[in-house]
Amino acid sequence: MTQEVAILGGLFNAFLWGSWTVLIKKLGNYPMDAFFLGIYISAFVFVWTIVLVALGEALFQELALVWREQPAIIIVALLAGGVFVSGVRITLTVFAAVGLSVTAPIQTFMSLILGTSLAALAGGTPAALVPLDLTVACLLLFAAAMVTVRARIVRDRALFEAAPSQLRDAAGETSKRLIAKNMALVGLASAIITAYPLGLAYSLRTPGNDDGLTPLACMAVFVTGSLAGALLTSGAALTIRRQWSQLLRAGWTKHRYSLIAALAHYGGNIINAYATGALTAAVSWPIGTTSQLWTYLWGLATGEFKGAPRRSFLLLAGGGALYLAGILYLRWALLRSP
């Protein structure tokens with residue numbers, strides 16, 4: 001896969017990542033953990049079907065060979081797949097409670113700084129990309145994230161000021177309590193999610209890691225760990241709250257949201273694995289953070305910015321321009337001679 005195709009693939013997987021999370025607004029009274037567990041059950045079936053059709057016996061031969069020579073590769077992929085879903089679960093819970101404008105700044109900062117740094121240390125970077133160039137690209141992407149967050153804040157402030165004074169006072173106190181309660185959870189979740197790029201950097205075969213798994217084999221191991229992680233977290237929550245019946249008896253109306261989310265989530269992961277195989281995780285992961293822009297655009301399409309001041313739309317456009325600048329700078333840096 002060429003670097004141009006890998007970058008385009010990374011941008012498409014960012015679109016998928018930034019799209020499925022908006023489905024939580026469709027759940028109504030359906031338990032979040034039932035939706036979440038349904039995602040990883042569907043993802044497990046989806047990924048393993050694709051891998052078995054594409055690779056057949058070669059999959060098990062590859063896994064057996066890697067297990068004999070370096071079992072840590074498979075163990076790390078399993079653990080990374082299981083750990084990062086815990087961070088995703090916390091993020092969705094906080095997102096549902098306090099919204100994207102609170103979760104995005106911390107999540108984006110942790111993803112770009114911690115996730116990219118760990119991925120670079122574990123899996124290296126392309127020879128043409130010097131650390132300064134990667135830093136500049138990450139700063140542009142972080143600035144883009146902050147500008148789009150500002151667009152949401154301006155919208156929220158305008159709607160808040162338009163509300164009656166009694167509602168503003170009550171909403172203000174509630175907002176302060178929710179933010180204080182969930183800020184630490186967002187930081188924790190963002191740190192946990194970095195297990196994903198770290199696991200890819202170590203376990204996936206890339207230009208700097210010849211001993212790793214091929215993309216589809218790696219995703220088969222990852223999704224197995226993800227299902228185990230979802231069962232341990234959301235499965236335990238459903239047991240404690242006695243809500244298994246809501247998952248088991250839910251009709252297609254609810255299960256379809258988990259299925260759509262699974263196809264976008266792990267479909268994006270598969271594309272990301274191939275992009276990472278060409279670019280390394282240190283490059284593909286920052287590209288994936290452009291998913292936040294798509295989350296905001298979906299909010300725009302569903303009317304979340306209805307009645308927002310003109311400044312909000314200008315900020316969204318500015319954020320999109322900065323995202324594009326970050327990607328173009330990254331591509332320019334990769335084209336330069338080492």
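This is a predicted model: local features need pLDDT of at least 70, side-chain atom pairs count only at pLDDT 80 or more; totals for chains, interfaces and linings use all residues.
Me: How many residues has helix 9, and what span does it reach?

Reply: Helices are DSSP runs of H or I with at least four residues, numbered from the N terminus. The expected span is 1.5 Å times one less than the number of residues. Helix 9 (residues 215–240) has 26 residues and reaches 36 Å between its first and last C-alpha, close to the expected 38 Å.

Me: Where is the kink in helix 9 centred?

Reply: A bend is the angle between axes fitted to the seven residues ending at a residue and the seven starting there. In helix 9 the kink is about 30° and is centred on Leu231. Arg242, with a positive phi near 55°, follows this helix.

Me: Why is the pair of Phe15 and Trp294 edge-to-face?

Reply: Rings of Phe, Tyr and Trp (its six-membered ring) pair if their centres lie within 6.5 Å; planes under 30 degrees apart are stacked, over 60 edge-to-face, and the rest tilted. The structure holds 12 such pairs. The ring centres of Phe15 and Trp294 are 4.9 Å apart with planes at 80°, so this pair is edge-to-face. Because Phe15 lies in helix 1 and Trp294 in helix 13, the pair ties together parts 279 residues apart in sequence.

Me: Are Tyr40 and Tyr266 buried or exposed?

Reply: Buried means under 20% relative accessible area, exposed over 50%, and partly exposed in between (1.4 Å probe, protein chains only). Tyr40 is buried at 0%, and Tyr266 is buried at 0%.

Notes:
Residues are numbered from 1 along each chain as its sequence is written. Side-chain values use heavy atoms; hydrogens and water are left out. Helices (H or I, at least four residues) and strands (E, at least two) are DSSP runs, numbered from the N terminus.
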